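Student: I would like to learn how to read helices and cores in a model. Where do we begin?

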Amino acid sequence: MSEPLDAGARTPSTKAGRHAAIETILSTRPITSQTELRSALEDMGIVAAQATLSRDLLEMRATKVRDAHGRQIYALSDRTKPSEWGEEGAEQKLQRWAQDLLVGAATAQNLVILRTPAGAANLLASAIDIARDDTVLGSVAGDDTIMVACTSIETATDFCNQLLSYAEGTKPESVEDSTRKEEN
């Protein structure tokens, strides 16, 4: 966890600076809404749009929890325990972000190459990482492209099909399913 900033310290208006400021705010006082968080950031000299705050909170794995007084406040989950999010929750987030952001996908051996709108690759890559698929070794995101390394050619094909089906809002088809169709 970050240390609280000194009164004279300045926080850069970068994503990393914003994340550090959000972490400090959420760990030092109860925040019940994004509007309240935005105001707290502005007090620190950081201006952020509501959409940016939504993405930041997702990337930081912030969730709403009930405090001792019964209010719902934002809290950061323990990053060493991604299971707190629950696999189903992470999978649903991946489905939503794939549907919103995925514009193309292809495989090259055990790699899956994903295309997103400009500036959105990190958001989708973060959702892939949070989902913790055992067949995914890791992902690297640029501005509008993500490279996902999978454990094999087959798992890369399955993962690519899964993400495309999420984007289309349909059920994914595995390599085994398509092989069975060809045999019939």
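Tutor: We begin where a helix stops: arginine 132 follows helix H5 and has a positive phi, near 55 degrees. Helices (H or I, at least four residues) and strands (E, at least two) are DSSP runs, numbered from the N terminus. This is a predicted model, in which local features need pLDDT of at least 70 and side-chain atom pairs count only at pLDDT 80 or more, while totals for chains, interfaces and linings use all residues. Residues are numbered from 1 along each chain as its sequence is written, and side-chain values use heavy atoms, with hydrogens and water left out.

Student: How many residues of H5 are buried?

Tutor: Buried means under 20% relative accessible area, with exposed over 50% and partly exposed in between (1.4 Å probe, protein chains only). Nine of the eleven residues of H5 are buried, so this helix is largely enclosed by the rest of the structure. Among them are Leu123, Leu124, Ser126, Ile128 and Ile130.

Student: What is a nonpolar core, and which residues of the largest one touch the most other members?

Tutor: In soluble globular proteins, nonpolar side chains tend to be buried together. A nonpolar core is a set of buried Ala, Val, Leu, Ile, Met, Phe, Trp, Tyr and Cys residues joined through side-chain atoms within 4.5 Å. Here the largest has 25 residues, and Leu114, Leu124, Ile128, Val148 and Leu163 touch the most other members. At least two residues each come from helix H4 (87-101), strand E4 (111-115), helix H5 (121-131), strand E6 (145-150) and helix H6 (153-168). H5 gives the most, with seven residues. A second, separate core of 15 residues includes Ala48, Leu53, Leu57 and Met60.

Student: At what angle do H3 and H5 cross?

Tutor: Axes are lines fitted to C-alpha atoms, for helices over the stretch in contact, and angles run from 0 to 180 degrees between N-to-C directions. The axes of H3 (residues 50-59) and H5 come within 10 Å and cross at roughly 25 degrees. The two helices are therefore roughly parallel; angles under 35 degrees count as such, over 145 as roughly antiparallel, 65 to 115 as roughly perpendicular and the rest as oblique. Arg55, Leu58 and Glu59 of H3 make the contact with Leu123, Ser126 and Ile130 of H5, where contact means heavy atoms within 4.5 Å.

Student: How does H1 pack against H3?

Tutor: Helix H1 (residues 15-28) packs on H3 at about 70 degrees, with the axes 11 Å apart. That makes H1 roughly perpendicular to H3. Residues of H1 including Ile22 and Leu26 meet residues of H3 including Leu53 and Leu57.
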